[in-house]
Amino acid sequence: MTVTIHFHGASGTVTGSCYRVVHPAGQFLVDCGLFQGNRTVRDLNLKPLPFDAARIDFLLLTHAHIDHAGLLPKLTRNGYRKPIWSTPPTAGLLEYLLPDAAGIQESEAERENRKRGRKDDAPAEPLYTMEDASKALDLRQTTDYEVWIEPAPGVRARYWNAGHILGSASIEVEVLDGDNKPVRILFSGDIGPDEKVFYNNPDAPAGFDYILCESTYGGRERDDYTLDERRDALKLEINEALRRGGNLVIPAFAVERSQELLHDIGLLIKEGAISPSAVFLDSPLASKVTAVYKKYAAMFDDTELSADELFSDPRFRIIEAVEESKAINQIRGGAIIMSASGMADAGRIKHHLRNNLPRANATVLFVGYQSPGTLGQIILSGAKTVRIHSEEVPVRARIRSMGNYSAHADHTELMHWISKRLPAHGAIFLTHGEDEERTALRQALLNTGIAGDQVILPLLDDAVELRAGGVQAVVPPATRRLDLNQINADWHNAYSSFIIDLSNRLQSAANDEDRLALMAGLKQKLGVPPVIPVPTPITPVAASGTVIHGEPGGE
Ligand SMILES: [Zn+2]
Ligand SMILES: [Zn+2]
């Protein structure tokens, strides 16, 4: 019997990372992530798992991000009761991230049921519950970097620092085939950039039969920067914001980004380079996650603060309680307010934006990618008003963004990481990236002389037979939940960007008359009766006394 790998996620998409390896002595998973993104992709979370969860022997988890770990409670809901291996910091982060994810699933189901209740439909089940999450937490087993573990007969594995977020790993795996020969596989997980506070550069050995590599930024380059240069840029942003007298509001992800910012802000305060009156991190999840970072601070690299100083400046207020969060509303200037979510589409950040966006002396600084349709992206695109908690909020604050806080390796860094892991006797599989990104990375690899059949872009649920020493064979997949065309043809993203364009166009129109005319024209194109009242334009009287007749709207 041979060794077969099944690509059950992050194949043609960035999210839903999940690989299943079937070998003569059993089968195991690497990652089990939530699908995020457009509706077609998200609907994959609701479909039955393409394997029997109760028959999986163990799971190796690369890191705690929800697109890698977010379906662990769905596994336990489907009968999985075996070990979930990770590094100790990853296990520490899961403690808070899984219940948080379960809370979101439960409240989404409640919301859906309130809707259905009005229509007498059958109630919706949550994707998973707090109880499923706590079952997953009970299954955690930890390993340190660079030591071999033997999670089941016929398989051994070793974790390597991936420099992406706290506890993140690339995982080296050896699986015995039917002839007792080891098939050597490297799972990259998500790979961090070279310049990264807290962690050493990503590491792993060289020489495998198969390498699976992420390709999130497979075709993109970031501006090169050093940690000092980045901190300098942050200093300029903060000082300009404080000089204007208002608050500086920063939407930030609860994991990693919040802690990186706290580190850099703490260091700038220590050096006397900035002087905010207070620095708030207002997010219950970010607060708990920061405590996990603090616990593992002794293993950090590239920090210029001691473990004691880290996240501990007297001006820092790390907030969980709702009353303390509300008290921030009274502060009209001089403070830095960080809060989740990073794309401003959920969480307490929405309150802080509602309070500060109307203030001309306030600044909102975005430090991460804002995906289309999110509140963050709408603000960043220059909208003059936005809707927050069903209220129209005028945007008078200064809107800024910095692109150099990233947890992902860019094109050159991925190429460098792969080049240091070679040779791959069988093939390199490129996963965890939009098709455009991984196609660009593939082309770059071919340009270095690697043969075309050695760089494979697997599709969702593809299966490939792996052999010791290389030469794999594609086998027909047992299930195929979705093909690439369906992923790309989803119209929801195009729809949200259309709505943004339309709203911007309407807002930038000269006057209401133009706006009504534009809408009437669109309605006509759609063949919809013009229910929007098109008032007879006010007939201006020209200086000469001649009456000028306005054109009817949209004609
Ligand atoms: Zn990640
Ligand atoms: Zn990821």
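Let me begin with a term: a residue is called buried under 20% relative accessible area, exposed over 50%, and partly exposed in between, using a 1.4 Å probe and protein chains only. What you see is a predicted model, in which local features need pLDDT of at least 70 and side-chain atom pairs count only at pLDDT 80 or more, while totals for chains, interfaces and linings use all residues. Residues are numbered from 1 along each chain as its sequence is written, chains are lettered from A and ligands numbered from 1 in the order in which they are written, and side-chain values use heavy atoms, with hydrogens and water left out.

With a salt bridge taken as a side-chain nitrogen of Lys or Arg within 4 Å of a carboxyl oxygen of Asp or Glu, the count comes to 32. One of them joins E112 and K115 at 3.8 Å, N to O, and both residues lie in helix α4, about one turn apart; helices here are DSSP runs of H or I with at least four residues, and strands are runs of E with at least two, numbered from the N terminus. K115, at 46% relative accessibility, is partly exposed, and E112, at 29%, is partly exposed as well.

Where do R257 and E260 lie? They sit in helix α7, 3 residues apart, and their side chains meet in a salt bridge of 3.6 Å. R257 is buried because its relative accessible area is 9%, and E260 is buried at 0%. Salt bridges that share partners also join R156, R158, E172, E174 and R184 into one network.
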